[in-house]
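Open your viewer and keep the selection panel handy. We will go from one stop to the next, picking a segment each time and looking at what surrounds it.

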Amino acid sequence: MEELEELTIDDRDQIGRRTGVPFVVFTYDPDDELSMESTIDGYIEKLRARGQTVEIIDIRDLVFSILEDQRILDQVIEKEKAAPEELAEGLSTALLGGRTDSLGKIASTIIDRVEDVDTAVMYRTGILYPFAGVSSILMQLENEIDTPLVVFYPAIREGKSLRFLKETEGTYYRARVI
């Protein structure tokens, strides 16, 4: 956490310098998901104490809001109970734009919300599994935002790869990983 704080508070000009994108991925053990809430709150308070404006992006809440706005939340919940394997492609289309070149709902909402802030913090990303990965969102945000985006990412490191929720291997390589 110390490295993240130093980078986003004291060395902000270094964010994206080597990678070309303003994304920082902070990894933590998925088993620590519940205890991370207070850690994230403390981090946000430190940013604000240093005079930064912070946009907090709770991906779980964002996903539910998008599904409610599209009037499909109840159907998704029922489908998850009955046949969860059938949800992946439909949710990917509803939230990420599917296999089109257009921005998905998640990315376009993030773009709108981070425009006038110093730092954005994205967390509760575990809800994306198994229909999407954080990498899909970050790819859509490339060249769309200049605001540093810190992503709290429940994954374990295995060599040079990350295993999101100890399940899938991450494919996005441009973010700075801490």
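## A tour by selection

Start with Gly97, which sits just after α5 and takes a positive phi of about 85 degrees. Helices (H or I, at least four residues) and strands (E, at least two) are DSSP runs, numbered from the N terminus. Before moving on, note that this is a predicted model, in which local features need pLDDT of at least 70, side-chain atom pairs count only at pLDDT 80 or more, and totals for chains, interfaces and linings use all residues. Residues are numbered from 1 along each chain as its sequence is written, and side-chain values use heavy atoms, with hydrogens and water left out.

Now step back into α5 and select Leu87, Leu91, Ser92, Ala94, Leu95 and Leu96: these are its buried residues (under 20% relative accessible area, with exposed over 50% and partly exposed in between; 1.4 Å probe, protein chains only). Their cover includes α3, α4 (73–82), α6 and α7 (134–141).

Axes here are lines fitted to C-alpha atoms, for helices over the stretch in contact, and angles run from 0 to 180 degrees between N-to-C directions. Show side chains, and you will find Val63, Ile66 and Leu67 of α3 meeting Leu91, Ala94 and Leu95 of α5 (contact means heavy atoms within 4.5 Å). By class, this contact has 6 nonpolar, no polar and no charged residues. Ala, Val, Leu, Ile, Met, Phe, Trp, Tyr, Cys and Pro count as nonpolar, Asp, Glu, Lys and Arg as charged, and the others, Gly among them, as polar.

Keep α3 (residues 59–69) and bring in α6 (residues 105–114): this pair packs at an angle of about 115 degrees, with axes 11 Å apart. On the α3 side, pick Ile59, Leu62, Val63 and Ile66; on the α6 side, Lys105, Ile106, Thr109, Ile110 and Arg113 complete the contact. Its make-up is 6 nonpolar, 1 polar and 2 charged residues.

Finally, select strand β1 (residues 23–28). How many of its residues are buried? The count is 6 of the 6, so β1 is largely enclosed by the rest of the structure. Phe23, Val25 and Thr27 lie on one side, and Val24, Phe26 and Tyr28 on the other. Strand β4 (residues 149–158) runs parallel to β1, joined by 6 bridges (strands pair if DSSP finds at least two bridges between them). Zoom in on Phe26 to see its bridge partner in β4, Phe152. With β7 (residues 176–177), β1 pairs in the parallel sense over 2 bridges, and there Val24 has Arg176 as its bridge partner.
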